Amino acid sequence: MLGGAKSVLYRRAVVVCVSLIACLTAAALAGTSFPATRWFEDITKAARINSKHTNREFKNPYAHIMAGYTALGASVVVADYDGDGFEDAFVTDSSAHGKNHLYHNNGNLTFTDVAERAGVADGNDEENASSAALWFDYNNDGRPDLLVVRFGHNQLFQNLGNGRFKEVTRGAGLYRYLNAIAAIAFDYDRDGYVDLFVACYFQPVNVFHPDTPRFFPENMETANNGGGVQVFHNNGNGTFTDVTDKVGLRQSGWALDMGHGDANNDGFDDLYVANDFGTDRFFVNNGNGTFSDITKTAIGFDTKKGMNAEWGDFDNDGLLDIFVTNVTDDYMREGNFLWHNNGNLTFSDVSRETGTYESGWGWGAKFFDYDNDGWLDLYVMNGWVSAGSESYVPDIFAMLVKPGIDLTDARSWPPMGKKSLSGYEKKRLYHNEHGQVFTEQSARHGLDSIRDGRGVAIADFDSDGRLDVFVANANAEPYLYRNTLPTGAHWVSFLLEGRRSNRAAVGAQVRLTAAGQTWLRYVSGGNSFAGQSSNRVHFGLGEVAGIDRVEVRWPTGEKEVFTGMAADRLHKIVEGSSKNKN
Amino acid sequence: MRAIQFGHAAAALIVGLAAYGAPASPEASFQAAQKARATGDLTAALAGFETALALDPDNIRYGSEYRQAAIQAKEYERSLKFFEKLVADHPNSAKAHLNYGFAYVDKIQAAGSITQVILANTALTEVTRSIDISPTWIAYYTRGNSYLFWPKVFLRAPLGVADLEKAYGMQKAGPKRTYHVRVYISLGDGYWKTDNMDKARAIWTEGLREFPDNAQLKARLARNGDDLKTYIDNELDPNKRVDTNLQELWASE
């Protein structure tokens with residue numbers, strides 16, 4: 001796969017040089033104040049989305065210990081909730097009295113926080129802490145509904161369509177204590193409704209008032225006393241049923257994230273579960289409403305700290321690959337996984353070969369084509385706790401080497417206090433060099449913040465065909481970076497609407513053919529830790545201005561082909577509207 | 001084929017004798033185990049080495065070859081359990097403790113990153129016991145070199161330098177051995193890791209005078225700055241298997 005890297009890099013270098021000249025010229029003409037080669041502009045304050053996230057402070061006997069391990073909850077999820085054509089963002093806070101934010105996109109790169117008015121602001125109290133969120137149209141009415149993922153009880157808000165939301169958690173059958181940390185939704189059984197998958201970090205011990213101190217991970221590499229995954233089948237009538245056992249996904253890892261995608265192109269989406277403190281799991285969808293754990297053959301058993309599961313076809317070979325962040329620092333050199341899909345339900349880790357191995361203490365990461373050159377780039381969040389100059393590392397290892405230490409007991413763990421652990425890490429923006437290697441470009445584009453990043457969401461907030469970036473940071477303000485790419489590279493986006501399939505077309509695969517090439521992109525149901533990107537399917541086309549054909553494989557499995565579609569615009573495609581069906 | 005059968009049979013016989021309390025010769029057990037290992041019969045080899053070590057626990061060569069066979073068979077736990085019992089039975093056997101420490105190091109590459117630290121720390125404990133019993137060149141070199149693998153945050157590099165300086169003093173006081181080049185390399189790495197670049201270059205240069213063909217010393221002296229950092233970081237990467245084969249010790253004597 002990497003055989004042609006040298007010549008590819010040479011060609012790429014020529015392209016970069018030409019682009020650089022173009023950039024310098026464009027910037028000189030425009031009189032921009034930021035470096036000409038910088039393609040992202042920090043517009044956080046101007047956009048008025050700069051409310052600070054605050055970590056939860058617990059009030060229990062283990063609070064001083066938990067503080068170090070629950071610096072979580074900063075997340076951002078994107079959807080056009082009001083159907084006005086502009087992507088909006090929901091951002092979580094985690095402090096006991098912190099309000100969540102629904103940032104309505106005013107259409108001019110400014111936002112208005114309408115969470116209170118919409119009825120979705122109150123996601124935190126003494127018994128619940130927001131940890132993430134998910135937009136998903138559970139009732140197929142065409143309006144994205146909102147799940148607020150919490151340590152405590154999740155909240156499901158039905159989008160009423162008038163700018164307001166109604167909490168329907170209990171009626172939907174989702175009122176249950178879970179220490180939930182991530183959620184995705186996809187239609188695993190192809191019945192036309194998206195189902196809900198919830199990753200749970202701690203077991204369902206009430207972490208606000210624990211009745212035992214023994215709720216921490218039993219070990220650091222193969223822990224099996226976590227919360228696992230809960231699966232809720234969508235009954236199609238506004239209610240859900242817990243089918244975790246029935247579908248074969250009962251497990252007890254410290255699930256931090258999940259990602260779905262069709263690994264073997266059989267029309268049924270498979271599932272990757274990233275587990276902290278132990279082995280990630282890969283489940284193949286059997287196509288009969290159940291999954292099988294094929295971890296051993298698919299990826300093998302790792303002992304790392306899985307933090308993120310993002311799917312995308314980084315090498316444009318027509319198969320979805322998976323990027324997983326782990327923890328990498330001087331004291332713990334785990335390295336990330338870039339799982340190259342071999343096409344036979346096995347994956348090979350190519351993170352070292354591609355230059356994506358080391359990105360610090362990893363969190364959310366997203367594939368997206370920021371320069372519209374037709375190759376998926378990668379933006380990676382990192383950093384655990386950035387505090388004082390003293391390191392927490394010796395403390396944690398002093399604990400680990402104590403004979404007979406009981407790691408499940410929170411009291412065994414040293415308080416972090418004001419110390420730092422893998423703090424002040426620079427975020428990584430990896431540019432994809434034709435599917436061969438990735439080069440680090442974060443400093444060049446001003447995306448190398450040292451805040452403790454958690455989630456990232458990608459969307460074209462100003463509808464200009466260039467993908468913008470929203471970053472959620474723990475205990476800090478978020479970032480909104482506007483993409484100012486000056487190259488004029490072509491692009492096209494698709495908003496899919498299912499009819500027989502689930503309305504949001506989650507899981508739909510789009511294969512676009514132009515100039516003799518075919519690209520695969522798909523509709524994700526919220527993959528990646530603490531961040532959900534737009535559900536629009538975006539293709540960078542580079543110099544290609546004409547599209548030959550667009551094939552949509554809907555979640556039902558049915559395929560449709562569309563022709564005569566123009567580049568450089570957003571198209572809405574409704575299932576069943578093509579004259580060309582396979 | 002006949003040789004293979006003989007090696008297997010001999011190892012089995014010696015193991016059998018030991019099991020029934022007949023006092024086998026440790027060297028005979030060792031040689032039979034070597035033969036079994038050479039033929040790929042690792043089960044017989046491990047048993048033979050264990051017999052030899054049980055009879056001569058302070059034999060550094062037996063322990064080293066046993067561990068190499070254990071690595072080959074991926075029998076890390078068996079090796080650790082064996083040495084645990086061996087040092088319990090022979091608490092004053094310095095070289096048994098040393099090999100026990102190496103047995104932990106042998107497992108590091110096969111472990112997760114957290115377990116690596118725990119194994120490395122336990123290895124240091126055993127090597128320190130060995131030093132307490134008998135402060136030898138190999139024990140000081142081993143412990144000093146091990147400290148260099150620890151990330152800076154643990155502040156162990158100065159301890160490594162102290163041990164390696166002791167080993168350096170020992171080797172200067174005796175006849176020159178080919179393996180002494182290791183101290184020149186590691187002590188320089190220790191100085192580099194403690195930000196004493198002048199001393200690092202000086203000891204590498206002295207080493208190269210003593211061992212003019214050594215490629216590792218040449219590589220270090222040819223590099224500077226980030227290039228040197230990358231090189232040494234790569235050399236001290238705990239995810240790579242550390243060569244704990246001690247055959248150089250007796251090969252050069």
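The legends below describe several views of a predicted model with chains A and B.

**View 1. Chain A as a whole, with its helices and strands.** The secondary structure of chain A consists of 9 helices and 39 strands, and its C-alpha trace extends over about 65 × 50 × 50 Å when taken along the principal axes. A compact globule of 582 residues would have a radius of gyration near 25 Å, and the 22 Å found for chain A agrees with this.

**View 2. Confidence along chain A, with residues 1–35 in focus.** The average pLDDT of chain A is 93, and 93% of its residues score at least 70. Over residues 1–35 of chain A, however, pLDDT stays under 50, and for this stretch the model has 24 contacts beyond four places in sequence.

View 3. For 253 residues, a compact globule would have a radius of gyration near 18 Å, with which the 19 Å of chain B agrees.

**View 4. Helices α8 and α9 of chain B, packed against each other.** Helix α8 (residues 137–148) of chain B packs with helix α9 (residues 157–172) of chain B at an angle of about 155 degrees, and their axes lie 7 Å apart. Because angles over 145 degrees count as roughly antiparallel, α8(B) is described as roughly antiparallel to α9(B). The crossing of these two helices, α8(B) and α9(B), is left-handed.

**View 5. The residues that meet between α8(B) and α9(B).** On the side of α8(B), the residues in the contact include B:Trp137, B:Tyr140, B:Tyr141, B:Arg143 and B:Leu148, while those of α9(B) include B:Leu159, B:Asp163, B:Leu164, B:Lys166 and B:Met170. Taken by class, the residues of the contact of α8(B) with α9(B) comprise 10 nonpolar, 4 polar and 3 charged.

**View 6. The place where chain A touches chain B.** Here 15 residues of chain A are in contact with 12 residues of chain B. On the side of chain A that touches chain B, the elements that give two or more residues are β21 (332–333) and α9 (393–400) of chain A, and of these α9(A) gives the most, with 4 residues. By class, this side of chain A has 8 nonpolar, 2 polar and 5 charged residues.

How values were computed
Residues numbered from 1 in each chain as written. Chains lettered and ligands numbered in written order. Predicted model: local features only at pLDDT ≥ 70, side-chain atom pairs only at ≥ 80, totals over all residues. pLDDT = per-residue confidence, 0-100. Contact = placed C-beta atoms within 7 Å. Axes fitted to C-alpha atoms, helices over the stretch in contact; angles between N-to-C directions. Parallel < 35°, antiparallel > 145°, perpendicular 65-115°, else oblique. Left-handed = near helix turned anticlockwise from the far one by under 90°. Nonpolar A, V, L, I, M, F, W, Y, C, P; charged D, E, K, R; others polar. Rg over C-alpha atoms; globule rule 2.2 N^0.38 Å.
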